[in-house]
Amino acid sequence: PPSSRPGPLPWPLRLAAASALCGAEMAAQGNDDGGGSMREGPIDIVERCRCFRAWAEAGELFDGFRSLSPWHMRYVVGSWHADTCLIWARRNVDPAWKSPDAIGRAARMVRYRDKNDSGVSVHAGLAFYDNKRSTMPVIHSYGGVCGAVSKFGASASQAFGVPAMPVGQPGHCALLWRRADGDWELENNNSGLSLSTMHVGIQRTWQGECGRASEEAGIIPVMERCQASGPAYVLSELFRIAHFLGHADVAVSHCLLLGAVSACPYNLPAWFALARSAVGSSDAGRRRLLKQVLAAEAASAAAGPVNLALMRPVIASADEKRAANVVDGSSSEWFPTSKEPQWLVIDLQRPCQVDAVRIQWWGDYGKKTSLQLSSSASAAAAGSGASGPEPVDRWTKRGRRESAAEFNGWTELRGWAGPTRAVRLDLGSPSPDCFGLGKQYGIRQVQVMGRRHPFDDADPLSSEDGAADLFERWIAASFPRSGNADVQAQRLLRSSVLPAGLAAAADGTVCSVS
């Protein structure tokens, strides 16, 4: 009976489990000071565990610490700074940042500068700090660039029992920390979560199951959703583990993995295992897959409007390499330099009902750029390759920007009746950007809110690409929202699992995740 089921582990045991995991990973990676590396020095993980228990019992940590799972606690006790630094942080963090919803912003206490008072460059390593260890008081006194800023902010968070970690970005270092509501926030951010990676020395999530995908910082909010799913995640793992225990009947094995994904779609290892199981290599397997896809699509449709443009193909008149930024959920910019009129075309890839179109502008372009929104029900309208999209006079005009948007703000245009396969944005009135970067236009995001029309599934498995289509549909239906967890789950699965599933389906082999 439910009343006899054991409850969660007491928090001291969760802390001990997290410490043991951190200790094992540090031993595997080499728990040393690394000279001029970001880690301050070797960590006595047993003493670290004792300290955090004592701090929690003394009420020195934020209240939420005791409710964290062992997975969360790994990103607390694994702090790169010594225990004495964490004590210093609790005494010296600016009161403005000393709360569960602001602590990661304590990184702003560090002066951003690339030379010390003697003119020594930060690139000289510890010489920048006059050959002192890069403790938190030293970083606060001397300042530094992105690495020091992010390391300080992460350790300030961990000092209060808040999970955090430095993350790498192209040519930059940011930090990722967990707010009290369970959302993870980037601080000192340049490139967004989709371009953030885990630093060497940071505990990996699902490393054995997901391989290189575990190096992506985007995996963190996905696992957060698993942790919040509780019993559903446990059930999913039971199905997945039962599959790996081995079963002679391939149909049973496939059903176990299909059940694992359905029980908790955020359990990425279940997707990885399913994609490598060759579930799509037979007609019977594809029909089992179709049943799950239809259920997921029905649930998604019942949940209300979703962002139909998320992760969909985009073509543009210029700056084409960055055009996909407007649909990747990251708020990264598409900003052409040409003074000619520009356009963007988003292929929704199936007929949809559009309720609204939302455009987030870069900087102040929401009050300077002219915008014409158009749509088409034709699959050919979006175009591809050298032919490009159909001429603008073949599109149906749907609306214009009529009012100014705030800085980095949004313009929202109403939807329309009838099926839509593609949307087009035509931009005019070029002008220099307010940041002095030589751009003439700028958009951060385009969201097409609405519902996908049901597929005609009378014979959905007749095409050679049936399995690929089903996997793509299931991914889209499972993660329809614009939050970090859904965006990152879609991105990771499309780049890692979907190609693996295609390869397995193509050669009919049954693979296991190494």
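Student: What do E1 and E2 form, and which residue in the turn has a positive phi?

Tutor: E1 and E2 form a hairpin with two residues between them, and Gly-171 in that turn has a positive phi of about 65°. Please note that this is a predicted model, in which local features need pLDDT of at least 70, side-chain atom pairs count only at pLDDT 80 or more, and totals for chains, interfaces and linings use all residues. Residues are numbered from 1 along each chain as its sequence is written, and side-chain values use heavy atoms, with hydrogens and water left out.

Student: What makes E1 and E2 a pair of strands?

Tutor: Strands (E, at least two residues) and helices (H or I, at least four) are DSSP runs, numbered from the N terminus. Two strands pair if DSSP finds at least two bridges between them. Six bridges join E1 to E2, which run antiparallel, so the pair meets the requirement of at least two. Within this pair, Cys-173 of E2 is the bridge partner of Gly-168.

Student: How many bridges join strand E1 to E4?

Tutor: There are two bridges between strand E1 (residues 164–169) and E4, and these strands run antiparallel. The definition asks for at least two, so E1 and E4 count as paired. Val-167 has Met-198 in E4 as its bridge partner.

Student: What joins E2 and E3?

Tutor: E2 and E3 pair over four bridges in the antiparallel sense, and Leu-175 has Glu-187 in E3 as its bridge partner. These two strands also form a hairpin, with five residues between them; Gly-182 in the turn has a positive phi of about 95°.

Student: Why do strand E3 and strand E4 stand at the edges?

Tutor: The four strands make an open sheet in the order E3-E2-E1-E4, with antiparallel pairing. Strand E3 (184–187) and strand E4 (197–198) each have a single partner strand, so one side of each is left without a neighbour in the sheet.

Student: Which helix lies across E1, strand E2, E3 and E4?

Tutor: That is helix H8 (residues 219–229), which runs at about 160° to E3. Such angles run from 0 to 180 degrees between N-to-C directions, with axes as lines fitted to C-alpha atoms, for helices over the stretch in contact; contact means heavy atoms within 4.5 Å.

Student: Why is Ser-157 called buried?

Tutor: Buried means under 20% relative accessible area, exposed over 50%, and partly exposed in between (1.4 Å probe, protein chains only). Ser-157 has 0% relative accessibility, so it counts as buried. This residue is found in helix H6 (residues 146–159). Not counting residues up to four places away in sequence, Ser-157 touches Ile-103, Gly-104, Val-162, Ala-164 and Trp-177.

Student: What makes E2 mostly covered?

Tutor: Seven of its seven residues are buried. His-172, Ala-174, Leu-176 and Arg-178 point one way from E2, whereas Cys-173, Leu-175 and Trp-177 point the other way.

Student: Why is Arg-50 called exposed?

Tutor: The relative accessible area of Arg-50 is 56%, so the residue falls in the exposed class. Arg-50 lies in helix H2 (residues 45–57).

Student: How do you know that His-123 is exposed, and where does His-123 lie?

Tutor: With a relative accessible area of 74%, His-123 counts as exposed. His-123 lies in the loop between helix H4 (83–92) and helix H5 (136–142).
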